[in-house]
Amino acid sequence: MSKTYKVKKVIVKTEYKVLAVLLIILAGGLVLLPKYEKNSGIKPETFLLNIMSTERYVTTDQIADKIIKQDPNLLLIDVRKKEKFDAFSLPNAVNIPLADVLSSDSEAYLNQDSFDVVLYSNDNCYSDQAWQLCNRVGYKHIYVLKGGVNEWFNTIINPQEPKSTESELTFKQYDFRKAAGMYFGVGNTASTTTKVKPKKVIKLSKKKKKVAEGGC
Amino acid sequence: MKELEKTKRISFSAVIIILAVLIGLLNFKKPRNVFKKDKDLTLKHIVSQDFIITSKDLDSKSNEQMAFIDVRNGFEYNKGHLKNAKNIYTANLLEEANKTYLKKLEDKNKTIVLYASKPNKASGAWMLLTQMGYKNVKILCVQTNYINNKFSVSDYPLEIPKYDFAAYMKKATSTNDDATTKKVAPKKSY
Amino acid sequence: MKNYSKKNRHVYWNPYFGGLILGLLILFTFYITGRGPGASGAFKSTIVTVVDDIAPTHAENNAYYDRFIKKGDSPMNTWLVYEAIGILIGGFLSGALSNRLKLYVQHSPKITSKKRLIVAVLGGVAFGIGAQLARGCTSGAGLSGMAVLSLGGFITVISIFGSGYAFAYFFRKNWI
Amino acid sequence: MGPLIPNGVIPPEWNFVFAILIGIVFGFTLEASGFSSSRKIAGVFYGYDFAVLKVFFTAALVAMIGIYYMDYLELINVENLFVLPTYTWSAIIGGVFMGLGFVVAGFCPGTTLCAAAIGKIDAMATMVGILIGILIFSELYNFIEPLFDGSYLDRITITDSLGISPYWFIFLFSILAVIVFYVVDVIRKRVKKVFY
């Protein structure tokens, strides 16, 4: 080690003193900043806007049209309970009861961007709440069937006969609904049409979490 | 060593950083309203269906415990509304005035009862308020409409199937229609 | 200009200024890509590619290589390899600017350059093993780890400098 | 907005472009602050030049303060950042090996690259050594695997393990750093000068 042991006084330049003080103030500032509650996930303001907007609704005619045309990226999700789902459900629908809309295995169905997800229940209430939960968690491309299965029956399964004074458009709509009803098995005797549609097997890839991967 | 003397650059950049931090802090707005409840708690509420009040339990005793909030817009409110119901349209639920009003109700620990033309219209407001941390918010399951200029409130139980779907389908498919209609793809009419 | 840089071959930046720029760079890297800068990952990728080309079967059934072999895409196509290329370019630029480009072996006058090369290789071997074990070198696990206050980062840094000071006595012949 | 590329603000194709740019600035800073000369780096362990310690701790401190200020201002979301996973024993023993390598070779992988870039042949030798080291590690991986994957504490931060708030930790760490910088200057004054 060094031979001469006289302690040389360390002269610290004033700049370094100032810089050291600045550093400590900067680091200390973090401690003094007033704490505030962080908002996790979607902001309440945007959540409110989403609730108010009604473009999430899809009418039964559109859904019937998509099913008949075998629209590939339509995914119907029934949020009613299991036994109601078994009793009657729209073709190719997947059953996710309202209780486990946020469970991990249902996330594969809801949190993906390859399908347009349409939620439906008997009426609008459960499907709306399911939609709001999905919106709160930040899922995209989720729609709600207006009126649910009740509306489905009112329009597609037994459409009301329009009175003769109705506009020509309602007659056209009535014809479409009548034909769609037949497609869904109303009124045609020869049940040759394959009643049970081949269950559309939906291959879903788990969406990767957003944490940045890294490592050296 | 020699390089320790060169402090011009570091002092200059230190000043810039301090300025940047100050500017960042000064124009930083804390989020005004924050979701307190996490999503699973809300889900528990929904599943337990404890937020529903039917018109049956609207007897007079519980009335002063409840504060009615009409979440429809002003126009419908003026046409007709429940007795002593306050009108807060869903869109301006987050305004300061309404928030203080709800806070006051909360402090007097009244149950906030929301109602609209249909229960599912009020469920959005209900979800927003429960997640913002309001404790007991309920929805009045009624259908309100205005028939021959009288404001009528009729019960509207949730999610009641209009038909017995399965039976109806079986009956519908088995009716032997005389014309053997082939499965015809419906012509796109509109 | 010529004699200025001739004279100041060994005048580097003020270390605090260098640290400041490095800190801002780490901050920028986290802000843009969500991960910290690193270096030893690039060496690992080269080794994996080389072994994968020479003995693909061996690479398959060795658990460690298998982690980094991506089907249909060479392991070199990773973030760290591009960053390593950047480091080479950046180092060259800075060396050129302050006239430090010179092909030579830098060693303390006490030892010969041959001994220095042997020592460098042995040190590298130790570093190679250590970097894989700690999942990152001083900049990968140390700096990036400490920046996000990860416990692993602090443990690695403490053990690096601790063991460094412990071993310093035995290798003082090489340096002073 | 948090980390821009994972959050999708910047398309992932830019990832590699930023890698090169960041590498350039990284290499430039390392080289300019003297990390390309092994004797200057070894000065940390022998007391004649503590540049490495100063640069290292200032960089870590600035990054820490920066990240937590941006986290406070909601510009960065710390949960989305890559936090180094903690394998305690693997980190300790890896650190010991790296400490040994540091004292013996005088370079770490980052500084090896930028020293080799300016023509240091011993840096190139260290690069070869590092490659050999990784080869050895990979071949012996089957024996090392229990240590490598053992004592896994997930991505725990030091503030969670100590149970204090990160802001306090950064404040204390900055005071510690200033004290260390002063002590280091005192040591350097008393140690025999080495010119390199």
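Two strands are taken to pair if DSSP finds at least two bridges between them, and helices (H or I, at least four residues) and strands (E, at least two) are DSSP runs numbered from the N terminus. In this predicted model, local features need pLDDT of at least 70 and side-chain atom pairs count only at pLDDT 80 or more, whereas totals for chains, interfaces and linings use all residues. Residues are numbered from 1 along each chain as its sequence is written, chains are lettered from A and ligands numbered from 1 in the order in which they are written, and side-chain values use heavy atoms, with hydrogens and water left out.

In chain B, strands β6(B) and β7(B) pair in the antiparallel sense over six bridges, and B:Val142 has B:Asp155 of β7(B) as its bridge partner. The loop between β6 (142–147) and β7 (150–155) of chain B contains B:Asn148. The hairpin formed by these strands has two residues between them, and B:Asn148 takes a positive phi there, near 25 degrees. With a relative accessible area of 60%, B:Asn148 is exposed, where exposed stands for over 50% relative accessible area, buried for under 20% and partly exposed for values in between (1.4 Å probe, protein chains only). Although B:Asn148 and B:Met169 are 21 residues apart along the chain, their C-alpha atoms are separated by 37 Å.

Chain B as a whole holds seven helices and seven strands, which follow the pattern α-α-β-α-β-α-β-α-β-α-β-β-β-α along the sequence. Of its 190 residues, 40% count as buried, and the accessible surface of chain B comes to about 10800 Å², with 62% belonging to carbon and sulfur atoms; such areas come from the Shrake-Rupley method with a 1.4 Å probe, and for residues only the protein chains shown count as cover.

Chain A has eight helices and five strands, and from the N terminus on its elements run α-α-β-α-β-α-β-α-β-α-β-α-α. Buried residues make up 49% of the 216 residues in chain A, while the chain exposes about 11300 Å², 62% of which is supplied by carbon and sulfur atoms.

The five strands of chain A form an open sheet in the order β1-β5-β4-β2-β3, with parallel pairing. Strands β1 (57–58) and β3 (93–95) of chain A stand at the edges with a single partner strand each, so one side of each is left without a neighbour in the sheet. Strand β1(A) pairs with β5 (residues 142–145) of chain A in the parallel sense over two bridges, and A:Leu145 in β5(A) is the bridge partner of A:Val58. Helix α6 (residues 125–137) of chain A packs on the sheet, where it touches β1, β4 (116–120) and β5 of chain A, and its direction makes about 170 degrees with that of β5(A); here axes are lines fitted to C-alpha atoms, for helices over the stretch in contact, and angles run from 0 to 180 degrees between N-to-C directions.

Seven of the nine residues of helix α3 (residues 60–68) of chain A are buried, so this helix is largely enclosed by the rest of the structure. The buried residues of α3(A) include A:Thr60, A:Asp61, A:Ile63 and A:Ile67, and the buried residues of this helix pack against β1, β2 (74–78), β4, β5, α7 (148–157) and α8 (168–183) of chain A. After α3(A) comes A:Gln70, whose phi is positive, near 50 degrees.

Confidence was examined through pLDDT, the predictor's confidence in each residue, from 0 to 100. Chain A averages a pLDDT of 78, and 83% of the residues score at least 70. Among the elements of chain A, helix α5 (residues 104–110) has the lowest mean pLDDT (79) and β5(A) the highest (88). Over residues 189–197 of chain A pLDDT stays under 50, and the model has 11 contacts beyond four places in sequence for this stretch. Where pLDDT is low, the predicted coordinates should not be read in detail.

Between chain C and chain D, the contact takes 116 residues from chain C and 123 residues from chain D. The loop between α4 (56–61) and α5 (63–68) of chain C holds C:Asn62, which is buried, with a relative accessible area of 4%. Leaving aside its neighbours within four places in sequence, C:Asn62 is in contact with D:Ser138, D:Glu139 and D:Tyr141.

Technical notes:
Contact = heavy atoms within 4.5 Å.
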